[in-house]
Every structure is written in C-alpha cells, then in structure tokens.
Amino acid sequence: MMKEIFDICRFKALAWKYYRENMKTILIFLGVMVVVTFMVVCKFNPFRMEYTSLYTESNYLDRYYGMFAKIFWGLLGFFLLFAASYSFADFMSGKKSFGALLLPASSFEKLLLAILNSTVVVFLLHVAVFYSVAHVACSYKYTGFKEADKIAVAESWSGFSYPVLTPGAEIVHPKVGNVFSVVDRVSESSAYTREVEDGTGVRKERTVYFTPFVVWNLLIMYWLYFVFVFMWGSITFRKRSALLTILVHGLFFLFLGWLVYRVGTVFWITPREEAMLYGLYFYNTGEPVPLSASWLLLLYIVPLTYVGIIWKKLKNKQV
C-alpha cells in the first residue's frame with residue numbers, strides 16, 4: 001500500500017520525471033554557472049594575464065586562498081537565490097500549474113524535491129564547477145614570479161604592452177585551496193575577552209570564541225534561511241518573486257530595527273548599547289552572546305517555520 005505522505009518509489013518517479021522534462025533548463029543553468037564563475041574568478045578579464053612579484057610564496061598563496069573562498073561563498077549565495085526563486089515556477093505558471101498540481105505525488109514529496117534542488121543539487125554543482133573553473137584560471141591567469149629581471153615587456157597587435165616571462169624564470173601558480181576552511185578562520189576571529197569568576201571569587205579575564213561546531217551550525221542555519229525565504233517568495237508571488245521577497249523582508253527588518261530601538265529606549269533599564277537584544281540586532285555594538293546547543297536548536301526554528309508555511313501553501317494549492 002502506498003503511503004500518503006512519502007513513498008520512496010513514488011518520489012523516485014517524481015524526481016525522474018522532473019529531471020527528464022527539465023534537462024534542457026538544467027543544462028542552460030549549468031552553462032550559466034560555468035560562464036559566470038569563470039568571469040568572476042578571472043575578474044571579468046580572462047584574456048589578461050596577471051604577474052605578481054613574490055614577497056614570500058606562503059603570503060602569495062594565502063592571498064589567493066582568501067580570494068577564492070570569498071568568491072565561492074558569494075557565488076553560492078547568488079546561485080541559491082536564483083534556484084530558490086524558481087523552485088515553484090511550475091505551480092505558479094498559468095500553463096503548467098494544472099499539470100503540476102495533478103501529479104500523483106504528495107505535497108511533501110514535491111516540497112522535498114524542491115528543497116533538494118535548491119540546496120543539495122545546486123551546492124554540489126557549484127562545488128564541481130567552481131573547483132574546475134578556478135583550477136583552469138590558476139593554470140594561466142595568475143602567475144607569481146621571484147625575479148623581476150626575468151620579466152620582459154611585449155607589444156600586442158592592438159598596441160598594448162603586456163609582461164611575458166623569459167626562459168629560466170621561476171614561477172608559482174596559486175591554488176584554490178580548501179574554501180571550507182573559512183569556518184576555522186571565522187572561529188578564530190570571533191574570539192573575545194570577558195571576565196569570569198573562578199572558584200576563589202577572583203575575577204579573571206578569559207578568552208572566549210565560537211567553536212567550529214557553532215560556526216558550522218550558524219552557517220547552515222543562515223544558508224537554509226536564505227534558501228527558504230526565496231522559496232517562500234516563489235510560491236507566494238507569481239511574478240518578480242525575488243524582488244518582492246527582498247522588498248518585503250527588507251521592510252520587515254527595518255520595522256523590527258525601529259521597534260527594537262523604540263522599545264529599548266522606553267522600557268530597558270540598562271542602556272541600549274548594553275542590552276542583549278540591541279547587540280544581537282545591531283552588529284558589533286554589544287557584547288557577543290555565547291551560543292549553546294539549545295540556542296542553536298532554537299535558531300533552526302526560523303527556517304523550519306518557513307518550511308511549514310511553504311508546505312501549507314503547497315497543500316492549499318492542491319485542494
């Protein structure tokens with residue numbers, strides 16, 4: 001007997017049908033990812049080589065490690081926004097909505113497929129595309145050299161001069177590195193000092209920082225929140241869902257900031273700058289609050305609430 005909410009065979013058939021019918025769109029999206037990633041990694045000029053004089057090889061490599069990590073996470077957010085904004089396009093389309101709603105699958109299975117497409121599938125594609133494209137860019141675009149006298153200047157057919165390497169020049173090409181090591185760097189940079197009382201009653205300064213476990217959970221929570229917000233917009237607005245989602249949430253956070261400011265001015269005994277809620281909303285104006293496991297679980301309620309709202313909206317569309 002087929003289960004009403006989730007059946008693995010039915011879900012496989014739904015996924016196979018989706019990928020078979022949308023293969024052309026997926027290939028176009030993959031091509032866009034390759035082109036956009038290549039242009040950004042090459043600083044929008046893939047035909048101009050960059051030669052850098054090395055102070056030390058480690059500093060040269062660290063410089064590009066940081067650059068590639070920023071590009072990776074920035075592009076991931078862009079592609080996630082794009083995918084999430086079109087996750088329910090078939091259900092909101094006048095021509096395709098009837099067929100999408102009548103598919104013999106539960107609303108949970110349709111929601112799960114949309115979530116996997118907007119998170120896991122886009123993430124895996126982005127990792128494969130980014131490392132492949134960045135490796136190609138590193139092999140020819142960026143070059144570090146140790147001896148300035150080994151660099152000559154040549155003239156192009158258009159009259160522009162550009163540097164070229166002469167035989168015997170010792171060069172170094174950068175590497176992409178581990179873009180996920182940014183979590184450890186954030187963990188180290190989040191250290192701060194606070195006074196604690198030991199067993200003898202003496203107050204001492206202690207360095208406190210967010211562990212990689214906490215940073216990873218915060219990163220996943222923000223990632224899920226970002227995706228689910230635009231999935232909510234995809235199933236709420238028929239047109240311009242991304243723009244309307246940004247507008248609605250931007251106005252909401254402006255109102256929330258004004259409300260926190262006014263409530264803090266009227267009711268808090270302590271100054272606004274020392275209040276926890278003010279410090280949580282206005283970045284770096286209050287003392288950081290250590291996050292325990294219970295706090296992390298509480299933060300996951302926000303993206304899960306969006307999932308519940310999306311599921312409810314999808315079920316109502318099938319009535």
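Me: Which residues do ring pairs link into a cluster?

Reply: In this predicted model, where local features need pLDDT of at least 70, side-chain atom pairs count only at pLDDT 80 or more, and totals for chains, interfaces and linings use all residues, the cluster joined by ring pairs consists of Tyr 64, Phe 68, Phe 72, Trp 73, Phe 123, Phe 130, Tyr 131, Tyr 142, Phe 180 and Trp 223. Residues are numbered from 1 along each chain as its sequence is written, and side-chain values use heavy atoms, with hydrogens and water left out.

Me: What describes a pair of aromatic rings?

Reply: A pair of aromatic rings is described by the distance of the centres and the angle of the planes. Rings of Phe, Tyr and Trp (its six-membered ring) pair if their centres lie within 6.5 Å, and planes under 30 degrees apart count as stacked, over 60 as edge-to-face and the rest as tilted. By this rule the count comes to 23 aromatic pairs. The rings of Tyr 18 and Tyr 19 are edge-to-face, because their planes stand at 75°, with the centres 5.4 Å apart. Tyr 64 and Phe 68, by contrast, form a tilted pair, with 6.1 Å from centre to centre and 35° between the planes. Both of these residues, Tyr 64 and Phe 68, lie in helix 3 (residues 57–85), four residues apart, about one turn of the helix; helices (H or I, at least four residues) and strands (E, at least two) are DSSP runs, numbered from the N terminus.

Me: Are Tyr 64 and Phe 68 buried or exposed?

Reply: Buried means under 20% relative accessible area, exposed over 50%, and partly exposed in between (1.4 Å probe, protein chains only). Tyr 64 and Phe 68 are both buried, whereas Tyr 18, at 29% relative accessibility, is partly exposed.

Me: How many residues does the largest nonpolar core have?

Reply: A nonpolar core is a set of buried Ala, Val, Leu, Ile, Met, Phe, Trp, Tyr and Cys residues joined through side-chain atoms within 4.5 Å. The largest one here has 51 residues, and those with the most contacts inside it are Phe 68, Phe 88, Leu 111, Phe 130 and Met 231. Helix 3 supplies the largest share of this core, 13 residues. If neighbours within four places in sequence are left aside, Phe 130 is in contact (heavy atoms within 4.5 Å) with Thr 37, Val 41, Phe 68, Ile 71, Phe 72, Val 176 and Val 179.

Me: How many salt bridges does the structure hold?

Reply: Side chains of opposite charge can pair when their charged atoms come close. With a salt bridge taken as a side-chain nitrogen of Lys or Arg within 4 Å of a carboxyl oxygen of Asp or Glu, the structure holds two. One joins the side chains of Arg 10 and Glu 109 (2.8 Å, N to O), and this pair links distant parts of the chain, with Arg 10 in helix 1 (residues 8–21) and Glu 109 in helix 6 (residues 107–140), 99 residues apart. Glu 109 is buried, with a relative accessible area of 0%, and Arg 10 is buried at 15%. The other joins Glu 21 and Lys 17 (2.8 Å, N to O), which both lie in helix 1, four residues apart.

Me: Where is Phe 44 placed?

Reply: Most residues other than glycine have a negative phi. Phe 44, with a positive phi near 60°, is placed in the loop between helix 2 (23–41) and strand 1 (50–53).
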